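Some notes on the model follow, as numbered points. Please read them with the coordinates open.

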Amino acid sequence: MVTFTKDSEKEIIIKQYWPQIGRAASGYENRSALSDELAQEMALSVWRSLDRFNGQCSMNTYVYRVIHNTAIDHIRRHSKLSEDELSDKTICEHTSPEADALQAQRQKHLMNAVNKLPLSLRQVMLLKLEDLNNVEISDVLGISEANVGIRLHRAKEQLTKLLAGMN
């Protein structure tokens, strides 16, 4: 069992995973106020759960599993609320204002399309966009690697259709 003796050790982990938490929150929740709330909820869940981390999987897998479970609970609680605009947060290299605007627009279109996917496909796609491999996605979601591959294939097909319809 891995033990965190100081809150500062937990703070380091939260800071390390904060960008992933923020992106995951935006991916699961496209209403900006609720996305911010979800990110805080995810961070708190990770903080609280670190005392139960036993080292049976990587820290990366463990954190994504906590984030995923928190997102599922959030979706169940808030699924009947009306939608606001998608957050305009973007993470990209700054090259020129035009390139940045184009990249932000592409990212917004992608996130809009991802948010239209059924939850089972959205989950695998969001984790893939975070650069997790199929084995890690399988561990996080508790499904077989074959199922991950099938869901990714279906998600890509649906995203292609959705993005083609946005142009």
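1. Ser49 touches Tyr62 and Val66, leaving aside residues up to four places away in sequence; contact means heavy atoms within 4.5 Å. Ser49 lies in helix H2 (residues 32–49), and its relative accessible area of 2% makes it buried (under 20%; exposed is over 50%, partly exposed in between, with a 1.4 Å probe and protein chains only). Helices are DSSP runs of H or I with at least four residues, numbered from the N terminus.

2. On provenance: this is a predicted model, in which local features need pLDDT of at least 70 and side-chain atom pairs count only at pLDDT 80 or more, while totals for chains, interfaces and linings use all residues. Residues are numbered from 1 along each chain as its sequence is written, and side-chain values use heavy atoms, without hydrogens and water.

3. Helix H7 (residues 145–166) has 22 residues. From first to last C-alpha, H7 reaches 31 Å, close to the expected 32 Å (1.5 Å times one less than the number of residues).

4. Which residues of H7 are buried? They are Val148, Arg151, Leu152, Ala155 and Leu159. Seen down the axis, the buried residues of H7 fall within an arc of 105 degrees, so they line one face of the helix; the arc is taken from directions between the helix axis and the C-beta atoms. Exposed on the other side of H7 are Ala146, Thr160, Lys161, Ala164 and Gly165.

5. Residues of helix H5 that meet H7 include Leu121, Val124 and Met125. On the H7 side, Arg151, Leu152, Ala155 and Leu159 are among those in this contact.

Key: Helices (H or I, at least four residues) and strands (E, at least two) are DSSP runs, numbered from the N terminus.
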